[in-house]
Amino acid sequence: MVLWQRALEAVGREHYVEWTVDEGIAWEANTWPSASGTSELREDGDRIVFRGQLSLAEDGGAVLELGGALILFGLADPPLPEGVDGAWVEVCVARDHVTVWPCEV
């Protein structure tokens, strides 16, 4: 469960959303390689775990592709190791650092 921004219209319907994660990727602190090449989103206690394919952005950030959705992340310390671009990873962040915004497509 994460924080939903704005009024929830039409409960029980499918919505397009934009994810905001206010926690940077920190290698081996909240991010590590995944043994699985399958996207997943799950709760683990008070944390949210995103599993997807990581791409490094030219602006120094990172993009996690999760089942066709793209989630932008900042980078924190420690830095990402060489060769991680394109790797499957799991990113585990505090639930209160994740928000979902409804959007129009």
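Ring pairs join Trp19, Phe50 and Phe73 into a cluster. The model is predicted; local features need pLDDT of at least 70, side-chain atom pairs count only at pLDDT 80 or more, and totals for chains, interfaces and linings use all residues. Residues are numbered from 1 along each chain as its sequence is written, and side-chain values use heavy atoms, without hydrogens and water.

The count is 2 aromatic pairs (Phe, Tyr and Trp rings, the six-membered one for Trp, with centres within 6.5 Å; planes under 30 degrees apart are stacked, over 60 edge-to-face, the rest tilted). Strands are DSSP runs (E, at least two residues), numbered from the N terminus. Phe50 also pairs edge-to-face with Phe73, at 6.1 Å and 80 degrees. Phe73 lies in strand β7 (residues 69–73), 23 residues from Phe50. Both Phe50 and Phe73 are buried (under 20% relative accessible area; exposed is over 50%, partly exposed in between; 1.4 Å probe, protein chains only).

The whole structure holds 6 salt bridges (a Lys or Arg side-chain nitrogen within 4 Å of an Asp or Glu carboxyl oxygen). Glu40 bridges Arg42 at 2.7 Å. Glu40 is partly exposed, at 27%. Arg51 also bridges Glu40, at 2.7 Å. Arg51 is buried, at 13%. Glu90 bridges Arg51 at 3.0 Å. Glu90 sits in strand β8 (residues 88–94) and Arg51 in strand β5, so the contact spans 39 residues in sequence. Shared partners join Glu40, Arg42, Arg51 and Glu90 into one network.

Conventions. Helix = DSSP H or I, 4+ residues; strand = E, 2+ residues; numbered from the N terminus.
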